[in-house]
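Please go through them with the coordinates open.

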Amino acid sequence: MNKKIAIYSAPYPGLESYCDMIDFATEVGVNALEGFCHFELSSPDIEAAKRIREYADKKNVTCPCFSVFADIYHDDPAEKTEWLCHFADVAKILGSPYLHHTVIGDCFDHPGVLAKKEELFESGIKLVRDVTDYAASIGIGTVYEDQGFVFNGVEGFGRFLGEVDSPVGVVADTGNVFQTGDTIADFVSAFGSRVKHVHVKDWAFFPSDPGGYLPTLDGRFACDVELG
């Protein structure tokens with residue numbers, strides 16, 4: 001198994017470009033960066049991707065996965081599919097074997113998302129199939145994450161994988177799955193053979209919302225905390 005620790009390229013204070021992120025990764029002794037759709041790549045810019053790849057190669061930094069925030073809850077699924085396919089092109093240029101993207105932007109909106117669960121499954125499954133087919137045509141795999149209240153947990157994610165019915169991989173997120181009441185052990189036991197990528201995080205849970213925390217299906221509230 002190819003095991004590599006990567007930094008997720010979410011914005012850090014004082015860092016304003018992918019080159020900054022690459023420099024930061026090397027400074028802390030990590031030679032891999034999971035890309036995200038921000039900085040120069042807030043849109044699928046092919047020329048920007050080529051420049052980033054050139055700089056990353058000079059620094060001996062690889063991109064094991066490229067992630068994109070996508071939202072069919074508010075956006076047109078057909079337009080979003082085309083947009084995501086362009087990001088598959090970006091992933092190819094960056095040398096990433098995998099494209100990862102979300103499906104629902106409001107995945108933590110408890111009543112709103114659950115009320116549209118069947119509709120989101122129908123449109124989301126079609127989007128995933130179409131993006132996966134295009135990505136495969138250029139040699140890129142797609143991977144999907146346990147996230148939110150629809151495509152999450154052993155039951156919800158199992159249904160998702162079954163209905164997609166394509167060889168997509170799984171991103172095992174060690175924090176997100178707790179929103180459904182399952183544990184990461186439950187999730188990996190169910191889907192471990194398909195796990196291609198892992199997001200490592202830790203959460204703390206509270207009985208009420210101190211402000212801005214994420215709700216869980218069992219009525220608690222969660223926030224990201226430092227590992228351990």
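**Notes on the predicted model**

1. Lys50 is partly exposed, its relative accessible area being 42%, a value that falls between the limits of under 20% for buried and over 50% for exposed. The residue belongs to helix 2, which covers residues 46–59.

2. Strand 5, made up of residues 141–145, is mostly covered, since four of its five residues are buried. It pairs with strand 4 (residues 98–101) in the parallel sense over three bridges, and it also pairs with strand 6 (residues 169–173) in the parallel sense, again over three bridges.

3. The packing of helix 6 (residues 153–164) with helix 7 (residues 184–191) has an angle of about 30°, and the axes lie 9 Å apart. Angles under 35 degrees count as roughly parallel, and helix 6 and helix 7 are therefore described as roughly parallel to each other. Their crossing is right-handed.

4. Which residues make the contact between these two helices? From helix 6 the contact involves Gly153, Val154, Phe157, Gly158 and Leu161, and from helix 7 it involves Asp186, Phe187, Ala190 and Phe191. By class, the contact of helix 6 with helix 7 comprises six nonpolar, two polar and one charged residues.

5. A further element to check is an open sheet of three strands, in the order 8-10-9 and with antiparallel pairing. Strand 8 (202–206) and strand 9 (214–215) stand at its edges with a single partner strand each, so one side of each has no neighbour in the sheet.

6. Within this sheet, strand 8 and strand 10 (residues 221–225) run antiparallel and are joined by five bridges. Among the residues to look at along this pairing is Phe206, which stands opposite Phe221 in strand 10.

How values were computed:
Residues numbered from 1 in each chain as written. Predicted model: local features only at pLDDT ≥ 70, side-chain atom pairs only at ≥ 80, totals over all residues. Heavy atoms only, no water. Axes fitted to C-alpha atoms, helices over the stretch in contact; angles between N-to-C directions. Parallel < 35°, antiparallel > 145°, perpendicular 65-115°, else oblique. Left-handed = near helix turned anticlockwise from the far one by under 90°. Contact = heavy atoms within 4.5 Å. Nonpolar A, V, L, I, M, F, W, Y, C, P; charged D, E, K, R; others polar. Buried < 20%, exposed > 50% of the residue type's maximum accessible area, 1.4 Å probe, protein only. Pairing = 2+ DSSP bridges.
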